Amino acid sequence: MGKWKLLVALVLAAFIIGCAQQAAKPKEEEKKAEVEPIVIGLPLPINFPDGYAPYRGAVLAAEEINAKGGINVGGVKRPIKIEVVDTRDLEPGVPISEALAAVEKLILEKKVHVLVGGPARSEAALATLDIIAKYKVPWIVSCGVLTPAFHKRIEENYDKYKYAFRLNAHAVWLAKENVDILEKLREKYGFNRVYVMVQDVEHARKFGEVIAKMLEEKGWKVVGFDRYPTGTTDFSSGLLKAKSEDADILLIQMDMPETMTLIKQWADLKVPALPIGFIRAAQEQKAWEATEGKVNYFIVSAGAFTGNAPSNATEWTMKFYNAYTKRWGTPPQGHGTSASYMAIYVVADAIERAGSLDPDKIVKALEETDMMGVFGRIRFDPKSHQVILADDPKEGAVTCWFQWQDGKRVTIYPPSIAEGEIKLPPWMLEKAKR
């Protein structure tokens, strides 16, 4: 009898344990579901600085947030998972359809909750708006896409395109800043002749046309306007024309890496026109070594916000600059690096305030964003979803213009964050005295 009692007790215990395990299983599965990652997709031209640099910025932000437990969604901390796809939209000859297919792949295969980054080419981003509208995925553009048509299209058809935001500057704003810099140079040196060289793509053409018109209205003479197909490898003809036309300023708007050749040819020809603008190959720290110092004196728009070059714009700025340098072994480079870094923080902030991953709730929270970051105060226009731009980081997002001076990228504009003054190359000093 004693053995039978023991056997019954063991069977009963096994039954009770089994029931307990079955009861606990749904709770364990529920708990597992609660901590599934928040998937953020990065559609980027990953083989270009406008792709891998924003990727690095986004990854750095995700790592920092995950180190603190992740994003709090309704009381549950969830980690960020980054998924990246190569859009190839900056490569010569690659059709826009390839970038669109890459974006759709992220949405359908990776089940992303939010998109950040690109595509970087304006034409590709404008076409992507319809994909975003179709799938209703919140999207923050944080690199490239300088055409003002982007935020205008959102404003004109808000209900359809409300899921898209731009945490970046645009060509019209950058043109205004460029003209302001040139007007200061005219006041100081008497410069008033400009030669324009742009890449034959939407944002660059618009940039050049807008600036040329603004300068002519202020009394400047536009002595030349050249357009170069993506992939151009020889700029000597345009540089020699600028020299023969006695241009004071060489206005450049190009996002192709081949501008490395332009830099070297300008220095070799000693063109007495100060180069200024969005110049892809001049944006990175490695440009100094790659050009053997020939990039000296180039005035460069990061095409994006402060943080790509040292400054003390906000408490975030050098913290980001140093963290990026430590994490990736190089200072911030490329276009949209600090913006992509901050985009991850903006997404995290919006999701936490929304308390949900519902796209419409995230959109509403993004529209109510008001936070400080690497480049200043971050707020979005409620209708166009363009980040509010400003000259003062206390008021809005501030861009970054720097000049190469003896191996360093010295922030020279806007005045609120400037770390130094513009210098002229030796072969322009005589002209400046006239």
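Trp 266 is buried, because its relative accessibility is 0%; buried means under 20% relative accessible area, exposed over 50%, and partly exposed in between, with a 1.4 Å probe and protein chains only. The model is predicted: local features need pLDDT of at least 70 and side-chain atom pairs count only at pLDDT 80 or more, while totals for chains, interfaces and linings use all residues. Residues are numbered from 1 along each chain as its sequence is written, and side-chain values use heavy atoms, with hydrogens and water left out.

**Aromatic pairs**

- The whole structure contains 13 aromatic pairs; rings of Phe, Tyr and Trp (its six-membered ring) pair if their centres lie within 6.5 Å, and planes under 30 degrees apart count as stacked, over 60 as edge-to-face and the rest as tilted.
- Trp 266 lies in helix H10 (residues 259–269) and Phe 298 in the loop between H11 and strand S12 (299–305), 32 residues apart.
- Phe 298, at 0% relative accessibility, also counts as buried.
- One aromatic cluster consists of Trp 316, Phe 320, Tyr 324, Tyr 341 and Tyr 345.

**Cysteines**

- The structure has 0 disulfides, a disulfide being a pair of cysteine sulfur atoms within 2.5 Å.
- The sulfur of Cys 400 is 17 Å from the closest cysteine sulfur, in Cys 143, and therefore too far for a bond.
- Cys 143 is buried, at 0% relative accessibility, and Cys 400 is buried at 0% as well.

**Arg 280**

- Arg 280 is found in the loop between strand S11 (274–279) and helix H11 (287–290).
- With 2% relative accessibility, Arg 280 counts as buried.
- Leaving aside neighbours within four places in sequence, Arg 280 is in contact (heavy atoms within 4.5 Å) with residues including Pro 49, Asp 50, Asp 255 and His 335.

Terms used:
Helices (H or I, at least four residues) and strands (E, at least two) are DSSP runs, numbered from the N terminus.
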